[in-house]
Amino acid sequence: MQAWRVHRNGEPSEVMQLEETDRPIPGEGQLLLKVRAANINFPDALLCRGQYQVRPPLPFTPGVEICGETEDGRRVIANPVLPHGGFAEYVTVDAHTVLPAPASLDDAEAAALHIGYQTGWFGLHRRAHLQAGETLLVHAAAGGVGSAAVQLGKAAGATVIGVVGGAEKARVARELGCDLVIDRHSEDIVAAVKEATGGRGADVVYDPVGGDAYAKSVKCIAFEGRVIVVGFASGTIPTPALNHALVKNYSIVGLHWGLYNQKDPAAILACHEELTRLAAEGAIKPLISERVPMKDAADAVQRVADGTTTGRVVVIPEGLAR
């Protein structure tokens, strides 16, 4: 089969190589899946760089999220077992983690439903307890993780303010349903949020960026607001001033979605059922900006790493592109 493999750490476009290799052999409790679509996530770039919290042995195949097909023809979504990741024609997965692909979504959309939307749902509902009528501030609102949070926030009845970088991303954020879009390249985030909320600030902040995004967020957080720390796409991990959190009475809430697979797997299934329902109702739908053939995967991962894409970029194995 064909698979992208990484033999040394570095930038995705430099270290990912498309090779012919053997199909992975499923172990006890595992399934072999034919890959129908593989969604690109920012962690795929971190894996290539050797900067992710999981460091698979070299060589490995990146790709942490797929829509696949079982040997009996069922369409499913799954997280491949590294080092045999999803940018390949076949993967192995732990059978107990496989979830049915929603019938309302095509392969690319289904591949993009799992990690980003589960992260958004757990962050907004289980960790921040977002309520209808509250104001949600989403950083990187036109990106893969941010776009999911925007849709989930609107589905929950919140007023959603999206922060983006550039006019094209602002257009995408508006189409996603943001009530207000702030272009951080040309607008003052803090002033705009305070103006939009009558000086109150945002009740919940969804921050997959870190760095300056976090610093601006705590300057426009509401009384009893919640800042959800999702990741650090900026490359800068903030150092919170806890005296500031004390004085302004807000919460800094961490979210590592992967821990739920270990600590509360039943919650993962319940969340998937809720996401499937929302997708069937049309309340959420992964924004797929590109469907790229297998041969272009390395370039696509690099563009996601560089932050130049919007929504989700999904790799489609040869023969399945449409």
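1. Let's start in a loop: Ala-140 sits between β8 (135-139) and α5. The phi angle of Ala-140 is near 55°, which is a positive value in a residue other than glycine. Please keep in mind throughout that this is a predicted model.

2. Helix α4 (residues 114-127) packs against helix α5 (residues 144-155) at an angle of about 50°, and their axes are 9 Å apart. Angles from 65 to 115 degrees count as roughly perpendicular, and those under 35 as roughly parallel; the angle here therefore makes α4 oblique to α5. The crossing of these two helices, α4 and α5, is right-handed.

3. Who makes that contact? On the α4 side you will find Gly-116, Tyr-117, Gly-120, Trp-121 and Leu-124, and α5 contributes Ala-148, Ala-149, Gln-151, Leu-152 and Gly-153. Sorted by class, the contact of α4 with α5 has 6 nonpolar and 4 polar residues, with no charged ones.

4. The axes of α2 and helix α12 (residues 297-306) come within 8 Å and cross at roughly 105°.

5. The class count for the contact of α2 with α12 is 5 nonpolar, no polar and 2 charged residues.

6. Next, two peptide bonds to look at if you check backbone geometry. Leu-58 and Pro-59 are joined by a cis peptide bond, with omega about -10°. Pro-59 has its place in the loop between α2 (42-49) and β4 (66-69). Another cis peptide bond joins Leu-82 and Pro-83, where omega is about 20°. Pro-83 belongs to the loop between β5 (75-78) and β6 (90-94).

7. Finally, a pocket. The second largest pocket holds about 170 Å³ of space. Its lining is made of 15 residues, and those nearest the centre of the pocket are Arg-5, Thr-21, Asp-22, Thr-61 and His-84. By class, the lining of this second largest pocket comprises 8 nonpolar, 4 polar and 3 charged residues.

Technical notes: Residues numbered from 1 in each chain as written. Predicted model: local features only at pLDDT ≥ 70, side-chain atom pairs only at ≥ 80, totals over all residues. Heavy atoms only, no water. Axes fitted to C-alpha atoms, helices over the stretch in contact; angles between N-to-C directions. Helix = DSSP H or I, 4+ residues; strand = E, 2+ residues; numbered from the N terminus. Parallel < 35°, antiparallel > 145°, perpendicular 65-115°, else oblique. Left-handed = near helix turned anticlockwise from the far one by under 90°. Contact = heavy atoms within 4.5 Å. Nonpolar A, V, L, I, M, F, W, Y, C, P; charged D, E, K, R; others polar. 1 Å grid on protein atoms, 1.4 Å probe; cavity = no way out; pocket = protein on both sides within 12 Å on 5 of 7 lines; lining within 4 Å. Points joined across faces, edges and corners; volume = space filled by probe spheres on them.
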